[in-house]
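Open the model in your viewer and switch to cartoon view. The tour moves from one selection to the next.

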Amino acid sequence: MKEELLRYAIMIPIRYNRNQKTAFIDMMIEDAKKLNLAYRSEKMKTRFFECTNLIIGDLQHADTVFMTAYDTPQRNFFAASRYYPLHSKKNQQIQTLEFLIHLILLILACVITVMLLFSWNQLATSTKIGYVLMLGVFALMLIYMSINKASKVNMNRNSASVAIMYKLMKEKPRKTAFVFLDHAVSSYEGYKELLQDHDLSKKKVIILDSLAKGEKIVCATLQKESCFKDHFQTVKYDKTEACDNVLRLMPYAYLLVSADHDEFYVDTKKDDRISMEQVNMIYEILYKSLIEEDS
C-alpha cells in the first residue's frame, strides 16, 4: 500500500478547493485510462458550490460498489479536533462551534475598529496602542485562518480509503465499480448527488471512511448481518432507527470505519499517525471478498 498512499496521500494530500479537486480527478482518470477501465465524471453546480463525483467501472451493471469521499476537510483552529465517523450530529456541533468562534472574532475586530474610528481623539495614547495591538492580533488570526482553511494532513480523512480503492481498482475485479465522492467528507452532498441519478439499492455497496488508524474497526449496517462479520466488529442498526450517519441515505450499504476511543472518534490533529499494517489488512480482506465473489 505504500505506493498508493504516496500517490494520493503525499502527492495530492489536500483536495479542498476546486483546483486541488480537479488535479485529483485528472490523475485518477489517467489511472483509469491506463487500466482500460471505463470512467465517468458527474458534475452538479448549485448557487453555493460545485460537486464533481467520479465513477470508475460500469456502475449500472456492477454487483459491488466501493465508495469513499475524496475531498478533504476544513481545518479546526479552536473547536475539538475530533471526527465521529458514525455520528454526524456531533461533527456538525463541532463545525458550528468553530464557525461561531470565527464569527465572534470577526465581530470583536469590527467593534474595536468602530471604537477606534469614533473615539480616536478622546482616547489616551496607551489605550490607543492597546486597541491597535488587539485589533492587529484579531486581524492576523482571521487572515491566517482564511489562508489556511484546509486540513493539511488527511491520511485518515480520507486518503487511506482512496488508496485502498485505487489498489483494488488495479486488480480490475469483474462487475465492480468505484465511486469517488465530492463534498462527502464533511457532508452528504456528494452522496445525495449520486443517488439522484443512480439506483444502488440492489447492489452491494461498501463505504470506506476513516480507516487509517484506530483500535476498533467496525462494519456498520442495517442489514440482517454484516458481510464482514468474520473480520470486523458489527455495529447493527435497527431499520426503524434514524441513523446518525450516511446509512440513513443508503440503508442497504455497509459502512467500514475505525476509531481510537470508546466514544468512537478519531483525533484529526494526529491524522499523520497511521497504521500501515491496518491499512494493508483492510485491503487484503476487501480483495479476498472480491475474489470469492468472482469465483
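Select helix H6, residues 189–197. H6 lies across E1, E2, E3, E5 and strand E6 (204–208), with contact meaning heavy atoms within 4.5 Å. H6 runs at about 60° to E2; axes are lines fitted to C-alpha atoms, for helices over the stretch in contact, and angles run from 0 to 180 degrees between N-to-C directions. Helices (H or I, at least four residues) and strands (E, at least two) are DSSP runs, numbered from the N terminus.

This is a predicted model: local features need pLDDT of at least 70, side-chain atom pairs count only at pLDDT 80 or more, and totals for chains, interfaces and linings use all residues. Residues are numbered from 1 along each chain as its sequence is written, and side-chain values use heavy atoms, without hydrogens and water.

Now show the sheet. Eight strands form an open, mixed sheet, ordered E1-E2-E5-E3-E6-E9-E7-E8. Two strands pair if DSSP finds at least two bridges between them. At the edges are E1 (39–45) and E8 (233–236), each pairing on one side only. The twist averages 20° from one strand to the next.

Zoom in on E3 (residues 64–69) and E5 (residues 176–181): they pair in the parallel sense over six bridges. Ala69 stands opposite Leu181 in E5.

Next, select helix H2, residues 18–34. H2 lies across E1, strand E2 (50–56) and E5, at about 15° to E2. Buried residues (under 20% relative accessible area, 1.4 Å probe, protein chains only) in H2 include Phe24, Ile25, Met28 and Ile29. Their cover includes helix H1 (2–10) and helix H5 (155–170).

Finish just after H2: Asn36 takes a positive phi of about 55°.

How values were computed:
Buried < 20%, exposed > 50% of the residue type's maximum accessible area, 1.4 Å probe, protein only.
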